[in-house]
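Welcome, and thanks for taking a look at this one with me.

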Amino acid sequence: MAIKLLSVGPARNELIDKAIALGNRYTKTLGLLTPPAYRQAAEDGGLLVAVEADEVIGYALFGLPKRSAHIRLAHLCVAEEQRGRGIARLLVEAIKEKYPQRLGIKAKCRRDYNLSDMWTSLGFIPNGEVRGRGRDGEILDGWWLDLGHPDLFTEVESDALLVVTVDHGVFADLRGLTDTPDAEHSRALEAGWMTDLVELAYTPQLVHEIRDISDTAERQHQRAALHGLRRLTPDPAAVAERTAELVSVATESLPDLPADGALRRCARYVAETSCAGLQVLATRSPLLSRLADVAWGVARVRVVSPSTVTLHVDELRQAQVYRPADLMGTDFRSTEVSPGAEDELIAFFNQSGGDDGSAFAERLRSLHADTVVWRRELLRDGEGHPVALYAWALDGRTLIVPVLRTAHHPLEETLARQLLFLLKRLGRECGAEIIRITDPYPSAVAKVAAGDDGFFEHDGRLVALLVNVCGPAAEVEAVAGGLARELTVETATLHAGMPAEVAALVERAWWPAKVIDSELPSFLVPIKPRWSTELFNVPAMLLPRSHVLGISREHVYYRSSGHRGESVPARLLWYVSEGAAGVDGQMVVGSSRLDEVLVDTPDTLFSKFEHLGVYGRTEVQGAADASGRAMALRFSDTEIFPKPVTLRRLTSLAKELGLPLSLISLSKISNELFQAVYKEGHRKT
């Protein structure tokens, strides 16, 4: 009987159950995945099964990260009695055929399984190694199967870690001497494919609970096992204040909770996570889980089960590392570093790796004394503490950045990403075509974020190309290739008709490039002046926003739930739909990249996207239609046009191209019209 390959949807419960049963036979080698993980994969299009005689004899379970263009292979499983029949190859080939637009497939496998011949035979090549978090500290080989798209962009993506604090129950599941009931749910956090996606951390409350263990051997074993996790040391006074607030709100909103030591211990886990600047706390404690709404409402901490972390790792990670909503309404301000003030910054920017404080201060002083006019910009928080520092100058067509530092701060990840995009905008405004970060010791978070933005290592420094072309692939490639030749590096070959996912990566890596003859679609989005002002400061507020933090890299816009052909990724043009035509209204004001489209209830959307700011719950509810649902458009890297395109000019451009134009609701437009409007918005005369 022939083997059939089936893509399993969420309604195929019998196939999902059979895949789970097969996976459970090999948990020692695959690592445990709980049943919800299989069902979520099926819902997301990430479960393929090989079926013969109505039995599942193999399966592939994989993820399709929304913010990346690769495929993350979690399980490739074939029943032992069926091996040698080429089933693994059939599954991998089926994934390639189903998702040809993705860059490639990532997988991880323990070295001591000696399966390199199998991975090689399937077309994978080695791609680094990481140490696993299992009890034996195994080494995991990384494997990569390229799907034949431009290879430059495999270096663009970085797997920035989601840092998750754990309570003592989860820690004991992972590191205790004795097995605890249902410990396998916690051990899903140690699956090989999760190793470079999640880092586990502990707070002082966990150490206190280990100290209280009466069994000496168990206590000493757990204490020693702490070294495998990140240690967090939040400010005790802030923790005490936050704990008291949590307990007060919990006892008021949940009067049946016992107001005892157990409640306070749970509250301390939440408070310590919050005060350490993190947002995710993993637990299996029923009491701590009951505090989930209070924890989010008071401390912006998501109390979740370990299985929830594995199901939603990408979503949780993005919410944690990029939180522009927390910047809004704050007193962050940017000033130039005045001469003689360099020593003040040593305590905040004394980085590891051999860069001592005196050398750092001297380097800052030398920039002021240099014949080159360096801009030394310091960002302070509302209390006046330095939180970020960068210096820059234009050297011909290169923007040189000799200092790029961020201090330890709850919003450090957000600030780093904000500053990197700011540098790209600065470079474009100055006419630069290359950005070179020459700081020998840039902040670690900045280095990770730089990888997401197309920076690559060259001569020991981070470099990015600014390809200011809105045109066909050949034109974009010609400009990028010329810049790459100046650096004596190779660049990717582009071609017309590139998949949308690949084109979106090109446009992010080589921002502000736009590859018009790709399959990346374009949409025109009508937006009311109020929200255009809130999101983009166009029309301008009476009190201007900070130059540094006024336009966050990522936001969300809500509208009625009716689909009008939206797809992701895509480009957006923002059309202010009300007001007098011209300067104050009815004009296209800028463009963005569309990263996600989600239709759901207002409460669900608000909970998911609250970290992106601007909208309150009531306003999201106001966007819902008669069905009680709304649509969220998550978008990023907005460019405000120096010259807004008026309604009259927009209509004229569409007429010249012989193209239809709808301004009533969100509508798909041709890439040719996008190009014409984009160029008009950046026209200098």
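**Notes on a helix pair and a sheet**

1. Let's start with two helices: H1 and H3 cross in a right-handed sense. Please keep in mind as you read that this is a predicted model.

2. H1 covers residues 13-24 and H3 covers residues 35-43; their axes come within 10 Å and cross at roughly 130 degrees. Because angles of 65 to 115 degrees count as roughly perpendicular and those over 145 as roughly antiparallel, H1 is oblique to H3.

3. Which residues make the contact between H1 and H3? From H1 come Asn 13, Ile 16, Asp 17, Ala 19, Ile 20 and Gly 23, and from H3 come Pro 35, Tyr 38, Arg 39 and Ala 42. Sorted by class, this contact has six nonpolar residues, two polar ones and two charged ones.

4. Next, the sheet. Six strands form an open sheet with mixed pairing, in the order S23-S26-S25-S24-S22-S27. S23 (554-560) and S27 (667-669) are the edge strands, each pairing on one side only. From one strand to the next, the twist averages 40 degrees.

5. Leu 524 stands opposite Ser 667 in S27.

6. Finally, look for helix H23 (residues 602-609), which packs on the sheet. H23 touches S23, S25 (587-600) and S26 (630-646), and its direction makes about 110 degrees with that of S25.

Key: Residues numbered from 1 in each chain as written. Predicted model: local features only at pLDDT ≥ 70, side-chain atom pairs only at ≥ 80, totals over all residues. Heavy atoms only, no water. Axes fitted to C-alpha atoms, helices over the stretch in contact; angles between N-to-C directions. Helix = DSSP H or I, 4+ residues; strand = E, 2+ residues; numbered from the N terminus. Parallel < 35°, antiparallel > 145°, perpendicular 65-115°, else oblique. Left-handed = near helix turned anticlockwise from the far one by under 90°. Contact = heavy atoms within 4.5 Å. Nonpolar A, V, L, I, M, F, W, Y, C, P; charged D, E, K, R; others polar. Pairing = 2+ DSSP bridges.
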